[in-house]
Amino acid sequence: MSVERMIRMFAGSFVLLSLALGVEASPIFVNANFLWFTAFVGANLLQSSFTCFCPLEMILKKLGVRSATA
């Protein structure tokens, strides 16, 4: 699996998990403040599209995960 696919997988998982924990209608609701984590993930994805800087990408590459372009 490539770095790019893993970043999408992590981002999607974190968004869904934080929504499940932050929306009152969810059966696993904890606190509405988890919605801030959803906003953080979205903001990180947005800034990454402009700056090409993604902390998760750097971590995955150090762990030896290959890029799709390599």
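Reader: On what basis are the residues numbered and the values computed?
Author: Residues are numbered from 1 along each chain as its sequence is written, and side-chain values use heavy atoms, with hydrogens and water left out. As this is a predicted model, local features need pLDDT of at least 70 and side-chain atom pairs count only at pLDDT 80 or more, while totals for chains, interfaces and linings use all residues.

Reader: How many helices and strands does the protein chain have, and in what order do the elements run?
Author: Helices (H or I, at least four residues) and strands (E, at least two) are DSSP runs, numbered from the N terminus. The protein chain has zero strands and three helices. From the N terminus on, the order of the elements is α-α-α.

Reader: What radius of gyration does the protein chain have?
Author: The C-alpha trace spans about 45 × 25 × 15 Å along its principal axes. The radius of gyration is taken over C-alpha atoms, and the globule rule is 2.2 Å times the number of residues to the power 0.38. A compact globule of 70 residues would come near 11 Å, but the value for the protein chain is 14 Å.

Reader: What percentage of the 70 residues in the protein chain is buried?
Author: A residue is buried under 20% relative accessible area, exposed over 50%, and partly exposed in between (1.4 Å probe, protein chains only). The protein chain exposes about 5,200 Å², of which carbon and sulfur atoms supply 70%; such areas come from the Shrake-Rupley method with a 1.4 Å probe, and for residues only the protein chains shown count as cover. Among the 70 residues, the buried share is 23%.

Reader: Is Val-41 buried or exposed, and which residues does Val-41 touch?
Author: Val-41 lies in helix α2 and counts as buried because its relative accessible area is 10%. Val-41 and Val-15 are 26 residues apart in sequence, yet their C-alpha atoms are 6.9 Å apart in space. With contact meaning heavy atoms within 4.5 Å, and not counting residues up to four places away in sequence, Val-41 touches Ala-11, Phe-14 and Val-15.

Reader: Which residues form the nonpolar patch on the surface?
Author: Patches are made of residues with over 30% relative accessible area and no salt bridge; like charges are joined within 9 Å, and nonpolar side chains (Val, Leu, Ile, Met, Phe, Trp, Tyr) within 5 Å. One member, Ile-28, lies in the loop between α1 and α2 and is partly exposed because its relative accessibility is 45%. With about 470 Å² of accessible area together, the members are Phe-14, Leu-17, Ile-28, Phe-37 and Phe-40. The elements that give two or more residues to this patch are α1 (3–22) and α2 (35–51).

Reader: Which backbone oxygen does the side chain of Ser-26 reach?
Author: Ser-26 lies in the loop between α1 and α2. Ser-26 counts as buried because its relative accessibility is 15%. At 2.7 Å, its side chain reaches the backbone oxygen of Ala-20.

Reader: With which residue does Lys-61 form a salt bridge?
Author: A salt bridge is a side-chain nitrogen of Lys or Arg within 4 Å of a carboxyl oxygen of Asp or Glu, and the structure holds one. Lys-61 is partly exposed, with a relative accessible area of 43%. The closest N and O atoms are 3.1 Å apart, and the partner of Lys-61 is Glu-57.

Reader: Where is Ser-67, and which residues does Ser-67 touch?
Author: Ser-67 is placed in the segment after α3 (55–62) and is buried because its relative accessible area is 17%. A side-chain contact of 2.9 Å with Glu-4 is polar. Not counting residues up to four places away in sequence, Ser-67 touches Ser-2, Val-3, Glu-4 and Lys-61.

Reader: What phi does Cys-52 have?
Author: Most residues other than glycine have a negative phi. Cys-52 is found in the loop between α2 and α3, where it counts as exposed because its relative accessibility is 64%. Although Cys-52 is not a glycine, its phi is positive, at about 60 degrees.

How values were computed. A polar contact is a pair of N or O atoms within 3.5 Å; within protein, one must be able to donate a hydrogen and the other to accept it, and residues adjacent in sequence count only if both atoms are side-chain atoms.
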